[in-house]
Amino acid sequence: MFGVHQIFTYLCTMMKQWWQRLGVLVVWGWLTAVCQAQTFSLVQKTDSLYLLTLTTDSTSHQWTLPYPVYRMEEGDVDGNGTIEALVGVVKATRFYPEKGRRLFIFKNYQGLVRPMWMGSKLGGILQDFHYRDGCVRSLETNAKGQYTVAEYRWDDFGMAFERYLVRNVSKLEAMGVFENK
C-alpha cells in the first residue's frame, strides 16, 4: 500500500509535469502564431473593388475594399514584430464628404484581416505615402497648393505626427524628399 505522503508526492510530480507541458504548449503556440510567415496582397476586381488578402502558412483570408486603391505597402507599423498592410484608398468620409486619398492600415488578427486604423486624414491633403524606417512618410498639399512631406508614427490609437521633412515647398522639391530613402 502507498502512504498518504507517497500519493501526495506522486500527484505533485504529475501536476508539475502537467504545468510544464502546458507551459511548453502555450509558448509553442505563441511562437508559431508570431513567427508564422505571412504576406498581404491586393487583387483588383474592378475599378473600385479590391480584395486585400492575407496569406499565412496555414490560412488565407480576404477583406473587401469597395474603393479605388492608389497604393499598398507592408510594414511593422506598431512595432510588435508583425507586418501590417498600409492601403491608400480614394473615398469620402463622414467628416470630409469630398472624395480624397485616405490611409487604411490592416493587421493580422489570428489569421484574419482586420482594420487597425481607417484614417480620415493625416495632416494636410494626402497625395501619397510610403512606409520607411518605422514611419509613414506622407506627401501632402495645403489649400494654397504648396507641398509638405511629413512623417507619422503609430501611437496606440492611430498615427501621430512625428516631424516635417519639408514644408510649404514646390511639388518638385517635395517629391525629391518624399522619394528619398
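Visitor: By class, what residues make up the lining of the second largest pocket?

Guide: That lining has five charged residues, four nonpolar and three polar, where Asp, Glu, Lys and Arg count as charged, Ala, Val, Leu, Ile, Met, Phe, Trp, Tyr, Cys and Pro as nonpolar, and the others, Gly among them, as polar. The model is predicted, so local features need pLDDT of at least 70 and side-chain atom pairs pLDDT 80 or more, while totals for chains, interfaces and linings use all residues. Numbering starts from 1 along each chain as its sequence is written, and side-chain values use heavy atoms, without hydrogens or water.

Visitor: OK, which residues line the second largest pocket?

Guide: They are Tyr96, Glu98, Lys99, Gly100, Arg101, Arg102, Ser120, Lys121, Leu122, Gly124, Ile125 and Leu126. A pocket is an open set of points on a 1 Å grid over the protein atoms alone, where a 1.4 Å probe fits, with protein on both sides within 12 Å along at least five of seven lines, and lining residues have an atom within 4 Å of a point.

Visitor: And which elements give two or more residues to that lining?

Guide: Those are β6 (100-109) and β8 (125-132), with β6 giving the largest share, three residues; strands are DSSP runs of E, at least two residues, numbered from the N terminus.

Visitor: New topic: in what order do the three strands of the open sheet come?

Guide: The order is β1-β2-β3, with antiparallel pairing, and two strands pair if DSSP finds at least two bridges between them. At the edges are β1 (38-46) and β3 (60-65), each pairing on one side only.

Visitor: How many bridges join β2 to β3?

Guide: Six bridges join β2 (residues 49-56) to β3, and Leu51 stands opposite Thr64 in β3.

Conventions. Helices (H or I, at least four residues) and strands (E, at least two) are DSSP runs, numbered from the N terminus.
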